[in-house]
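Hi,

Here is the structure I promised to pass on.

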Amino acid sequence: MNAASTSSAFVAPKPLATSGAKKVYDLEYYLKGAAAGGICCSITHGALTPVDVVKTRIQLDPVKYNSGLIGGTKTIIAEEGAGALLTGLGATCGGYFIQGWFKFGGVEYFKINAVEALGDEKAWALKTPIYLASAACAETIADVFLCPLEAVRIRSVSDPDFCDGLADGFGKMLKAEGIGGFYAGMGPILFKQVPYTMAKFAVQGAAADSIYNATGSSAANPPAIGNLGVSLGSGVIAGVAAAIISHPADTLLSMVNKAGAGGDGPIFTRLGRIAGEVGMVKLCTNGLLPRCVMIGSLTAGQFGIFDTVMGALGASKFHFHDPNSD
């Protein structure tokens, strides 16, 4: 095969100007980003399972669990043993690995292709809209896969006797409610996760830029705390903001997966009944503090682990490039 036929048989991926250097973002890069996303989400959500168990119990039964994160933890341990704090661990790790795969990998895919379509100059000016749109698209896809696992997790947390593990929970829910039972919370999970993820990536990007600007540094020339320190610091800020924005929908998601919640009828009718019974103030505040602790820590850990895994896999992480800095 001659050189001409070889070049026509394979077209190299188009390089993008990011962080002042020409880099190629191809299928291998996206797979590494997806793998790093799955790993970081699985580890962080799994590690914070005890906090999530207490938070969910507070949302589902605020009368009983009315003494905050520490008091709720003590109540659960006293009544059910320390092992109860790991309820739903399998569903959590599995579900969020899949979600992280599509979320982080999807955000990388959508934002890089937006830059390719717009060019560096327009993309730099539209960083925030690109973050928001990329996150919304990626999270919507991810939630299709997350919703069934989240339904099993919440059911097992609200009723510790419901199942013995993830497979048992899936089987029981499928038999009792059919496929539709796994997606009863799809509406609220989208209302929760899509705004959460949009805020998470947009705020983290803005916070990271602010840290770099304040220290007179950049991703290519990091400050004394390093890029990892920037990821962790901006991740905490992004996590708290995202937690506050998405908390009402998170409470609804927890409550609608409780057996019998909201009575009979379509999902949005049930959600309306629950919201009316609980009230907006409680939807916004029940379990908010533990969720801010959880999501702030979780988001910082995710961005830190994501960057670390990407480096370990030999992937040079995408950064928006300011064309005026050349």
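A word on the ground rules. This is a predicted model, so local features need pLDDT of at least 70 and side-chain atom pairs count only at pLDDT 80 or more, while totals for chains, interfaces and linings use all residues. Residues are numbered from 1 along each chain as its sequence is written, and side-chain values use heavy atoms, with hydrogens and water left out.

**The whole protein**

The secondary structure comes to 14 helices and two strands. Both kinds of element are DSSP runs numbered from the N terminus: helices are H or I with at least four residues, strands are E with at least two. Along the principal axes, the C-alpha atoms fill a box of roughly 70 × 50 × 35 Å. The radius of gyration is 21 Å, which agrees with the value near 20 Å that a compact globule of 326 residues would have. (That radius is taken over C-alpha atoms, and the globule rule is 2.2 Å times the number of residues to the power 0.38.)

Buried residues make up 49% of the 326; buried means under 20% relative accessible area, exposed over 50%, and partly exposed in between, with a 1.4 Å probe and protein chains only. The protein exposes about 14,300 Å², and carbon and sulfur atoms supply 66% of that. Those areas come from the Shrake-Rupley method with a 1.4 Å probe, and for residues only the protein chains shown count as cover. Of the contacts between residues at least 6 apart in sequence, 77% join residues at least 24 apart, where contact means heavy atoms within 4.5 Å.

**The empty spaces**

Rolling a probe the size of a water molecule over the atoms shows where empty space is left. On a 1 Å grid over the protein atoms alone, a cavity is a set of points where a 1.4 Å probe fits but cannot get out; a pocket is an open set with protein on both sides within 12 Å along at least five of seven lines; and lining residues have an atom within 4 Å of a point. Grid points are joined across faces, edges and corners, and a volume is the space filled by probe spheres set on the points.

The largest pocket has a volume of about 860 Å³. Of the 38 residues that line this pocket, the closest to its centre are Asp209, Tyr212, Ala219, His319 and Phe320. Two or more lining residues come from each of H5, H7, H10, helix H11 (226-256) and H14, and H10 gives the largest share, seven residues. By class, the lining has 15 nonpolar, 15 polar and eight charged residues. Here Ala, Val, Leu, Ile, Met, Phe, Trp, Tyr, Cys and Pro count as nonpolar, Asp, Glu, Lys and Arg as charged, and the others, Gly among them, as polar.

The second largest pocket holds about 200 Å³ of space. Its lining includes Leu27, Tyr30, Trp101, Phe102 and Ile141. H5 supplies the largest share, six residues, and the classes are 10 nonpolar, two polar and no charged residues.

There is one cavity of 30 Å³ or more, and the largest cavity has about 100 Å³ of space. Among its 15 lining residues, His45, Tyr96, Lys192, Gln193 and Ile295 are closest to the centre. That lining divides into four nonpolar, three polar and eight charged residues.

Start with Gln59 in helix H3, which is buried at a relative accessible area of 1%. Gln59 and Met255 are 196 residues apart in sequence, yet 7.2 Å apart in space, C-alpha to C-alpha. Leaving out residues up to four places away in sequence, Gln59 touches His247, Asp250, Thr251, Ser254, Met255 and Asn286.

His247 sits in helix H11 and counts as buried at 0% relative accessibility. Beyond its neighbours within four places in sequence, the contacts of His247 include Gln59, Leu283, Asn286 and Arg291.

Leu253 is also found in helix H11, buried at 2% relative accessibility. With neighbours within four places set aside, Leu253 is in contact with Glu150, Ile154, Gly185, Pro188, Ile189 and Lys192. The C-alpha atoms of Leu253 and Leu228, 25 residues apart along the chain, are separated by 33 Å.

Cheers
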